[in-house]
Structures are given as C-alpha cells and as structure tokens.
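Hi everyone, thanks for coming. Have a look at the screen with me, and we'll walk through a few spots together.

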Amino acid sequence: MNSKTKRFWSRNKRFRLMLTLELAVMLPAAALIYLNFHHVKSIKRAKKVEASIHRDFQYMLADAEKNINDKIYAMIEEVRNILPDPDSDADEKARKLDLILSTHPWLAHMFLFDADKGLLFRSQPQRMSEKYFQHEHEWLSEMYSGWFGVEAKMLCDVMHKKPRPISCYTDPIKREGNDVVMTTAFFVLPQVPKDKVVLGGISFEPDYLNQTFFPENLEEMVAQKLTDESGYQLALSVFPSEREGEYAGNALATSAGWGDGKPEVSRNLDDVFRGLAMGIRFQGTSADAIASRWVQQSILILGVLSLLMIGGLVLTYRSVSKEMALARLKSDFVSNVSHELRTPLSLIQLYAETLELGRITTQEKKEEYYRIIRKESERLGKLISNILDFSRIEAGRKEYDLRETDIAELVRNTLDTYRYQIEKSGFEFETSIESNIPTMKLDREAIARALLNLVNNAIKYSADEKFLKVKLYRTNGTVKLEVVDRGIGIARRDQAKIFEKFYRTCDPLVHNTKGSGLGLSLVRHITHAHGGEVEVESSPGRGSKFTLSLPLTEEADREAYVIASGAGA
C-alpha cells in the first residue's frame with residue numbers, strides 16, 4: 001500500500017466505518033433473511049403450525065375439563081355436607097331430602113342407602129306430577145335398590161380409598177321420547193364411620209346441565225382463558241361421544257361463535273362426565289387458514305426486513321458514533337474519578353501526618369481529626385466499590401448471590417449503620433417499614449449498596465430543605481423501596497438519562513457537587529438483576545422520589561396476603 005492510499009484510509013474514517021458495517025452487518029443479515037425464507041416454506045410443507053395449534057388446544061381442553069370438574073365437585077360437596085344423619089328417623093330424613101331438593105333446583109333426584117335400613121330415594125316434589133318424571137323416579141329407585149343391595153359394600157370400600165370419596169356416572173335416559181344424559185354422583189358421608197355401609201347420591205337435572213351449567217362455564221372459559229395468543233377468538237362445545245372424539249353435530253351445549261362447524265380438536269371427558277366429549281375450534285376460521293396467513297405474513301415481514309436493512313445500517317452507524325462519544329465521556333470520567341480519589345487521600349494523609357507528629361494536644365481536636373479520617377475513608381471506600389462494581393458489569397463478570405433475605409431487616413440495618421451520618425448532616429429522617437413483607441431472594445450487599453447510593457444522593461443534593469424519608473411496603477405482587485428527599489430535584493428532560501453511566505445533569509448545583517456519575521447506573525443494574533424496575537418522580541426545586549420495585553414470587557405474595565388478612569382480622 002503506497003503512502004497516498006494510507007493517507008486516504010486514515011482521513012476517511014467514516015468511509016471505513018460504513019464499509020466495515022456493510023461487511024459485518026449487511027451480508028450476514030441478507031444471508032439470514034434468505035435462510036429464514038426457506039425455513040418458512042419448509043414449515044408450511046410440514047404443517048408444523050397446525051400441529052402446534054392442535055397441541056395447544058389439547059392443553060386448553062384439559063384445563064377446561066379441570067375447571068368444570070372442580071365446579072361440579074364443589075356442588076356435590078355442598079350437598080354431601082348437608083345430608084341428614086342416616087340414623088335419624090325415616091320421616092325426618094325424607095323431609096330433609098325434600099327440603100334440599102326444593103332449595104337446589106339443579107338436582108333431579110337424591111338418595112340415602114343404609115345396608116341396615118335400605119334405600120331412601122327422593123325426587124323433586126314439584127315434578128312428581130309429570131308422568132315421565134314419575135316413571136324415571138320409580139325406575140331409578142328400583143334399580144339402585146337392587147344394585148346397592150348387592151354391591152354397596154364394595155362401592156364404599158372403593159370410595160374410602162380415593163382422595164376424593166366421590167364417583168360419578170353419566171348415562172343416557174329417555175324423557176318424553178327424547179334421549180338425554182343424566183350425571184349421577186355417589187359418595188360416602190363424612191360423618192359416617194368407614195366400617196358402616198352407607199351411601200349417598202345425587203342426580204343432576206339434565207336440563208340444568210345442558211341449558212345453564214355447560215353454557216355458562218363454556219362462556220366463562222372462552223372469555224377468561226381461551227383467547228388464542230394470536231388474537232383469534234375460540235369456541236367450545238360439549239357433546240355425546242360414543243367413539244373417540246366423534247362429533248355428529250348434536251352438541252348438548254356450545255359457547256357463542258361455535259356455528260355449524262366441527263371441532264378442530266376433541267377430548268373425551270374421563271372423570272365426572274364420562275360419555276361426553278369437549279371440542280374446541282376457532283370462531284370463523286381454522287388452523288389451516290391461520291397457518292397459511294402466518295406463512296404469508298412471515299414472507300411479507302422478511303421482505304420488509306430486507307428493505308429495513310439500510311435503515312439498520314444507518315442506525316448502527318449512529319450507535320457507533322454514540323460509542324465514540326461514550327469513549328470521550330469515559331475519558332472525562334477518569335479525570336473526574338482521579339480528582340475524587342485524590343481529595344480524600346490528601347485529607348487522610350494530611351490529618352494522619354498531623355496526628356503522627358503530635359502537633360494536636362487537645363483530645364477534642366484529635367477526635368475531630370479521627371472523625372474526618374474515618375469519614376473520608378468511608379467516602380473513598382464507597383467510590384472504589386462503585387468503580388469495581390461498574391468494572392465487573394462492563395466486563396460481564398458481575399454475579400449476584402441471591403439468598404432468602406428478610407428485606408425489612410436488611411433495610412432497617414442498612415439505615416441504622418448510616419443513621420449517624422444522616423442526622424449529623426442535619427437531616428429530618430423518617431422511615432416507614434411494613435411488617436408483613438415476606439422473605440425474598442436477594443443479594444444483600446447489592447440491595448444495601450443501591451439503597452445507600454440513593455440515600456447518599458439525597459444527602460448530597462439537598463442543600464436547603466434537609467429532609468429524607470425511606471419507605472418499604474408491599475403492593476400488587478411487588479415490594480417497593482422508596483427514597484424521598486426535598487432537594488434540588490431533576491428536570492423532566494434529564495429524568496430518562498440519569499440512569500445512564502457517567503451522565504450528570506447540566507444543573508450547576510450538580511456540577512458543583514462531587515460525583516462520578518455511576519451511582520444511579522449501578523442502582524438500575526442491581527434492580528434489573530433482581531427482576532425489578534427503578535423509577536423517579538421529581539420536579540426542580542421540589543425534591544425527588546426514587547422507587548425500586550422488586551417482584552415477589554406468587555407463593556410469597558400469597559403468604560404475605562394471608563398474613564396481612566389474619567392480622568387485619
């Protein structure tokens with residue numbers, strides 16, 4: 001390379017940067033887009049999108065079945081717990097069963113079977129005048145009487161071994177020439193000893209299940225849980241199923257938007273409602289249509305990305321320019337920190353030499369010098385800790401030791417160690433720490449350092465009204481730590497930048513106060529490392545409020561809520 005070429009390359013830094021970006025960004029990006037295009041086409045050929053949707057549907061149906069079962073079991077338990085004592089008078093038991101039936105219109109029949117006293121079978125009293133219902137009553141009473149006379153003990157033994165002593169059966173029956181499905185639950189009574197053969201049972205009114213229970217629950221699940229991530233509305237149905245997932249168009253109940261289509265995916269119900277199946281589908285579309293649209297959209301996006309690469313190149317160039325500016329800031333930072341290190345070191349050396357030479361004769365003066373040396377040493381230690389932490393973060397080597405920690409105790413102890421300096425600086429100091437905050441996984445040292453950085457900033461930038469408040473409380477699944485002052489405040493234009501490394505506002509009051517520009521950057525990094533967020537509310541001349549929001553686990557938040565509820569009770 002001749003001297004002329006060397007001069008060209010050295011003078012045209014921008015051209016060199018653009019050429020480097022084209023080679024480092026544009027060519028890999030173009031290759032990536034090309035590979036993604038072929039990957040999308042292979043997904044379409046293999047129908048992987050439809051398979052993924054159907055797999056998700058299976059999970060949704062399993063969850064929907066669990067929700068329905070939980071509700072029906074709750075209804076069964078409600079009746080099971082109020083059944084009369086099997087040893088009470090027969091007329092009293094019949095009266096009690098009739099009362100339960102009249103107050104629970106969703107029941108068709110109830111019974112109590114005692115191996116010593118026989119079967120007591122009751123049906124809805126107001127419907128006994130209906131011919132088909134009376135016939136149903138007589139037929140079921142005769143059937144259960146014969147069945148339980150032979151197998152009641154075996155049924156009791158089986159149910160006593162189950163975690164939930166309830167067995168459910170769903171069978172077709174005839175009503176006025178129409179086929180309907182009736183679900184019956186058998187159970188042992190909680191107050192009856194295990195060695196005694198006593199069975200209770202209830203039959204759900206089919207009209208209630210088909211017209212009220214299933215429709216309401218299907219609508220609820222569609223509204224709350226069964227909206228697809230892509231934004232498509234889903235629909236559910238319940239129907240009889242003689243064979244695996246077969247749908248003959250004779251649904252017992254459907255949610256809104258089902259229409260006349262068949263389910264995309266079906267699931268046989270295998271607990272309470274055996275003999276029934278649940279189906280799921282999209283409203284107004286299908287998995288195949290969604291997959292085709294997805295492929296088209298993906299290809300369109302890849303085309304747009306190709307056009308945006310040039311814009312990305314420009315943005316990358318601007319980003320590199322910012323990095324150059326950051327390098328200049330780092331240079332200023334080194335100068336700043338060097339001055340900050342020199343000042344406390346000079347003071348420590350000066351006062352130490354004075355004490356060493358024995359020039360101070362009064363004890364009071366010696367104690368004053370000792371306090372100055374201690375204070376400057378602490379200041380020096382904090383500055384060095386911040387610099388070391390920043391260095392580890394920049395190198396990607398900063399690790400946090402997360403352990404179960406009582407954050408309320410941590411905040412209290414941290415403030416106690418700093419209280420003397422706060423009060424000696426003339427501050428009115430308030431703390432508010434809630435008592436019902438659960439333990440959290442934290443790095444004790446990191447959270448303490450974040451808190452002290454915020455407190456130290458409040459002290460440094462509160463020249464006129466010296467007020468400091470630290471508040472710790474729990475709300476909406478998070479623990480919030482607030483540091484409030486009435487200092488110089490922060491302009492709105494600077495609030496988004498103060499958490500950037502090395503940044504210091506243009507306010508003369510800030511520049512006249514010593515600082516490295518690292519404190520708030522470290523606070524943000526520590527908070528983010530704990531899965532939280534840090535926010536600031538401030539007005540110039542009216543002070544600032546910094547809030548650290550740290551997330552609670554669902555279990556810890558639930559325990560804290562129970563503790564708080566118990567305390568309130």
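So, to get going: in which strand does Thr478 lie? It's in strand β14, which covers residues 478-485. Keep in mind as we go that this is a predicted model.

Is Thr478 buried or exposed? Its relative accessible area is 18%, and the cut-off for buried is under 20%, so Thr478 counts as buried. Its side chain reaches over to the backbone oxygen of Thr475, at 2.8 Å. And if you skip the neighbours within four places in sequence, Thr478 is in contact with Tyr473, Leu550, Pro551 and Leu552.

Tyr473 has something else going on. The charged end of Lys471 sits over the Tyr473 ring, 4.8 Å from the ring centre. There's another case like that to look up: Arg486 lies over the face of Phe467, and here the distance to the ring centre is 3.7 Å.

Okay, zooming out. The protein has 569 residues, and 41% of them count as buried. You'll find 14 helices and 16 strands in it. Now take the contacts between residues at least 6 apart in sequence: 66% of those join residues at least 24 apart. As for the accessible surface, that comes to about 32100 Å², with 52% of it belonging to carbon and sulfur atoms.

Back to rings. How many aromatic pairs are there? The count comes to 23. One of them is Phe111 with Phe121, and this pair is stacked: 6.3 Å centre to centre, with 5 degrees between the planes. Phe111 is in strand β1, residues 107-114, and Phe121 is in strand β2, residues 118-123, so the pair ties together parts that are ten residues apart in sequence. Both of these phenylalanines, Phe111 and Phe121, are buried.

Now compare the angle in another pair, Phe499 and Phe546. Their ring centres are 6.2 Å apart and the planes are at 80 degrees, so this one is edge-to-face. Phe499 sits in the loop between α11 and α12, while Phe546 is in strand β16, so to speak a link between distant parts of the chain, 47 residues apart. Phe499 is buried at 7% relative accessibility, and Phe546 is buried too, with a relative accessible area of 7%.

Last stop: ring pairs also link up into a cluster, made of Phe111, Phe113, Phe121, Tyr144, Trp147, Phe148, Tyr169 and Phe186. Thanks, that's me done!

Definitions and conventions:
Residues are numbered from 1 along each chain as its sequence is written. This is a predicted model: local features need pLDDT of at least 70, side-chain atom pairs count only at pLDDT 80 or more; totals for chains, interfaces and linings use all residues. Side-chain values use heavy atoms; hydrogens and water are left out. Helices (H or I, at least four residues) and strands (E, at least two) are DSSP runs, numbered from the N terminus. Buried means under 20% relative accessible area, exposed over 50%, partly exposed in between (1.4 Å probe, protein chains only). Contact means heavy atoms within 4.5 Å. Accessible areas come from the Shrake-Rupley method with a 1.4 Å probe; for residues, only the protein chains shown count as cover. Rings of Phe, Tyr and Trp (its six-membered ring) pair if their centres lie within 6.5 Å; planes under 30 degrees apart count as stacked, over 60 as edge-to-face and the rest as tilted. A charge sits over a ring if NZ of Lys or CZ of Arg is within 6 Å of the ring centre and within 35 degrees of the ring normal. A polar contact is a pair of N or O atoms within 3.5 Å; within protein, one must be able to donate a hydrogen and the other to accept it, and residues adjacent in sequence count only if both atoms are side-chain atoms.
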